[in-house]
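Subject: Structure for you to look through

Dear colleague,

I am passing on the structure we talked about, together with some notes that you can read with the viewer open. Please take your time over it, and go back to the picture whenever a name is new to you.

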Amino acid sequence: MSHLNVAVDTVGVADATPDEKQPWAELGLKDDEYQRIREILGRRPTQSELAMYSIMWSEHCSYKSSKVHLRQFGEKNPKTPRLLAGIGENAGVIAIDENIAVTFKVESHNHPSYVEPKQGAATGVGGIIRDIIAMGARPIAVMDSLRFGAIDHPDTARVLPGVVDGVGHYGNCVGLPNIGGETYFDPCYQGNPLVNALSVGVMPRSRLQSMQASGVGNTVILLGAKTGRDGIGGVSVLASATFSESGEDDARPSVQVGDPFTEKLLIEVCLELFDAGLVVGVQDLGGAGLTCALSETAAAGDGGMHVDLELVPLRAKGMEPQDILASESQERMLLIVDPAKAEEVLARSRRWGLLATEIGTVTDTGRLVIDFHGQTVVDVPPKSLADEGPVYHRPIAEPNDLGLIAVDRAETLPRPTSDEEIRQTVLDMAASPNLCDKTWITEQYDSSVFGNTVLGTPHDAGVVRLDEQTGVGIAISLDGNGRFARLDPYVGAQLSLAEAYRNVAVTGATPIAISDCLNFGSPEDPHVMWQFERAVTGIADGCQKLGIPVTGGNVSFYNQTGRDAIHPTPVIGVLGVIGDVHRRIPLGLGKTGDTIALIGETREELSGSEWASVKHGHLGGVPPIVDLDHEMKLAELMSRLAETEQLAAAHDLSEGGLAQTLVEAICHSGLGAQILLPEGADPFTYLFSESSGRVLVVIPRGQELAVRTACEQRGLPITPLGVTDANTDGLHLRDHFDIGRAELEASWKGRIGAQLGE
Amino acid sequence: MSARVGVVTFPGSLDDRDAARAVRLAGGEPVALWHDDAALAGVDAVFLPGGFSYGDALRCGAIARFSQVMDTVKAAAAQGMPVLGVCNGFQVLCESHLLPGALVRNAHLRYRNRPARLRVETSRTAWTRLYQPGAEVVFPAKHGEGRYVADEAVLDELEAQGRVVFRYLDNPNGSMRDIAGVTNEAGNVVGLMPHPEHAVDELTGPSADGLGIVASVLAHLTGAADTSGVSR
């Protein structure tokens, strides 16, 4: 092995040269943070140590700005025996029954996906999959929540196809079905697209893994890809800073490159090792690479760790110790194993053609000591890296424009009045970027590998079978609404929570847990911190009310270019359980003669709506009312009606209101709908209001009374709207207008591809 | 005793479990085979599943061709053993020269996942004998490199000998003459791009039409004379 001629900055050298000037500021550390490192170590840090602290104390790894607020999740989380592992683990683990557990998590990969869309998005998917493996689970599905700038902006044509290619390529090659997600366009995401990826995995409860490096004398093994120069500075430089307005930063070398083939091998090898009982502790390598994995496993263990860094297999020449420690090369895992079993671990890895290398040992020193060719380059207390990073109480200030925004209500905007105008509005809305058919995107994703996908895109939630014998399954939905959160981050976050919760319930599943991805601007802006605090409080209060725990998630700050931050965008993933997937409720219109009805109340709520945005470019007023009591009753009703098989189909109402829900149900089912609006209802409001807590249900003949009674017993308003009819061509809105299927589909379909020139 | 159908796992195989499920649901006994092991464990037929064997290095299926197991599969196929390749498995069969032609990048250059309507062109293969010729089936097609190409002369020969097994009704990838699947001269080796193993029940797939593939080979192996169609 070629050794460097450059003098290595060892602990000894650091002791002897206390006054050496160090680039702490360039690495993103503040003056007081650097001084604290010196206090912890009783000397100046070596170059390697400085790199490790700068990474572990970055916003991305330490959650230093968000920590004080995120505490609420733990404090307000309802106690549930289902929660087997929660916040602080790689991913939350939820018991499904006495044998099976599920783990799921949503994470962002926003900054890399703007710099290099395909690899940025691909490695986002890869990273979240490894979190799932690290808990002991087999990943069984992925979802993606994507937000781009305006659809007709030239840069969207660069970012969108790359991101979709990356999400698809990684998921398809690693063999995971993509079971749903969302895609939105808004100019506020122009320089800061959001790529949030969710993965879910399943395991026998007995296979739950730990990240502890425990057991003195145990062997530390690095599994997977070789370590290269890719991704150095990914978390500290890229994810923890704002893009400059000039757009001249070339951060491409900070983006990692993914290899899903190696990830597939990692999945198979890890599961084989877990099943054979060969693993004491496991941690994935993602953002912050070896630095994070070594310090977190050592900190979680009861002793220390010794690592010989020159044993790490490299794919680039001349890498210095701090480069090896900081590299974010993908598809790597760290294993802690009994030395007596190390040979078997290596042999099983070899059988799959996967590299596995012993690089260190668990010790009883209480220190993380890293040698490089026999010279000690790191000697630190691991907890000081992993657990004792800085905590900030950032200033918080309510934005000055809140009052002005609140009175600028969309309800006062000019509306279409004649039937012809409303008819045209239905078509225009169906063709608008956020409401149009997303097949161009979703058909680039495998949805059926594993053969367990019961519902996928475009259903309200993805439904996956877990057990072929019992039919037990899960439902997951991933939802966000930045516009509502911009108007009121507390209510907006709860509206997203309510929507994801309802989307799961609409399939007949019972919501049991959430994971959240919190996308915000710079935490150094007090207005952004105010939005963040309000959104977190909204989610924590909402989950407390709904009785479902927050199991983990991710915070993405610095989604802003210059002074322009994105809309605050909390994205919520809700997990539900369904006893028998055969009883899931699909999207559609059932069959001819079935009754179409609306559950929930339609109020005049147009502020923050898709209509206000599309037709007026307007964002103002107050968002719709959120009523979590109502949502709980609705969810209980849906679960009951699924069990008794009294619904043929159901569909949540959200962006675009009732009009869009009907368009989707008609286009998806291939059937027609005859609709009669309730007496006295204003057609425009009834069709386009975005009141929360509503579901369109399709009731088979003979079940109308039973369903009505079930609603009345729960105090849920139900309004019959019409019937399904195969002979009706598209949408017939009695006394108002007809829209034929061909015209509906011509508006709704093919928009994304056409916009991208395909 | 039910027939034993081997399902090969290459590094990067993705649909091996699903292929095994299809075998089981159709009444066969799935047997796991390993790429690096020449032994066929006494199986009666072999199913090469979809995926990205060896990470699609070089070309799809190009490395799998040189695997230990494929040496044995080639020899067994020459002796008449039924062999099916789906998606990446079809690519492996073409690379191995067990089937003519090649699968190249889709004409539109993207990976595309759609339920594909197919016409079963012949029941004179080990894997389609229970279908009625001309029957329409729906299997998911999902691939980036699924455009079937061959010399005009080869295509003419395939047509003349009735060796085009499946044809797309809505060609999703630009395949020549809408070809979705072909067979060898003996009719024991069949390759197709769309996935019958993902069409084994209405709950998880667009249809249950795919069960007929494995049911056909089981009937072929037991020599059953039953040729009543299982297709719609």
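How are α22(A) and α25(A) oriented to each other? Before the answer, please keep in mind that this is a predicted model, and that everything below describes the model as it was computed. Helix α22, residues 628–643 of chain A, packs against helix α25, residues 704–713 of chain A, at an angle of about 150°, and their axes lie 10 Å apart. An angle over 145 degrees counts as roughly antiparallel, and α22(A) and α25(A) are therefore roughly antiparallel to each other. Their crossing is right-handed. Where the two helices meet, A:Leu637, A:Arg640 and A:Leu641 come from α22(A), while A:Val707, A:Ala710 and A:Cys711 come from α25(A). Sorted by class, this contact holds five nonpolar residues, no polar ones and one charged residue.

On the side of α19(A), the residues in the contact include A:Tyr490, A:Val491, A:Leu497 and A:Tyr501, and on the side of α20(A) they include A:Arg534, A:Ala535, A:Ile539 and A:Leu546. The residues of this contact divide into nine nonpolar, five polar and one charged.

Stepping back to the whole of chain A, you will find that it is divided into domain 1, which takes in 1–76 + 209–389, and domain 2, which takes in 413–436 + 585–758. The centres of these two domains, taken over C-alpha atoms, are separated by 51 Å.

Chain A also touches chain B, in a contact that takes 24 residues from chain A and 22 residues from chain B. On the chain A side, the elements that give two or more residues are α8 (156–174), α10 (260–275) and β14 (453–455). The residues on that side divide into nine nonpolar, eleven polar and four charged.

Two details of the backbone deserve a careful look. The peptide bond from A:Thr457 to A:Pro458 is cis, with omega near 5°, and A:Pro458 lies in the loop between β14 and β15 (462–465) of chain A. In chain B, B:Tyr54 has a positive phi of about 50° although it is not a glycine; this residue lies in the loop between β3 (45–48) and α2 (68–78) of chain B.

Finally, how confident is the predictor? For the complex, it gives an ipTM of 0.94 and a pTM of 0.95. Chain A averages a pLDDT of 95, and 96% of its residues score at least 70. Over residues 1–5 of chain A, however, the pLDDT is below 50, and this stretch has five contacts in the model beyond near neighbours in sequence. Chain B has a mean pLDDT of 95, with 96% of its residues reaching 70 or more, but over residues 225–232 of chain B the pLDDT is below 50, and that stretch has 21 contacts beyond near neighbours in sequence. Where pLDDT is low, the predicted coordinates should not be read in detail.

How values were computed: Residues are numbered from 1 along each chain as its sequence is written. Chains are lettered from A and ligands numbered from 1 in the order in which they are written. This is a predicted model: local features need pLDDT of at least 70, side-chain atom pairs count only at pLDDT 80 or more; totals for chains, interfaces and linings use all residues. Domain bounds come from an automatic or database domain assignment. pLDDT is the predictor's confidence in each residue, from 0 to 100. Two residues are in contact if their C-beta atoms, placed from the backbone, lie within 7 Å. Helices (H or I, at least four residues) and strands (E, at least two) are DSSP runs, numbered from the N terminus. Ala, Val, Leu, Ile, Met, Phe, Trp, Tyr, Cys and Pro count as nonpolar, Asp, Glu, Lys and Arg as charged, and the others, Gly among them, as polar. Axes are lines fitted to C-alpha atoms, for helices over the stretch in contact, and angles run from 0 to 180 degrees between N-to-C directions. Angles under 35 degrees count as roughly parallel, over 145 as roughly antiparallel, 65 to 115 as roughly perpendicular and the rest as oblique. A crossing is left-handed if the near helix is turned anticlockwise from the far one by less than a right angle, and right-handed if clockwise.
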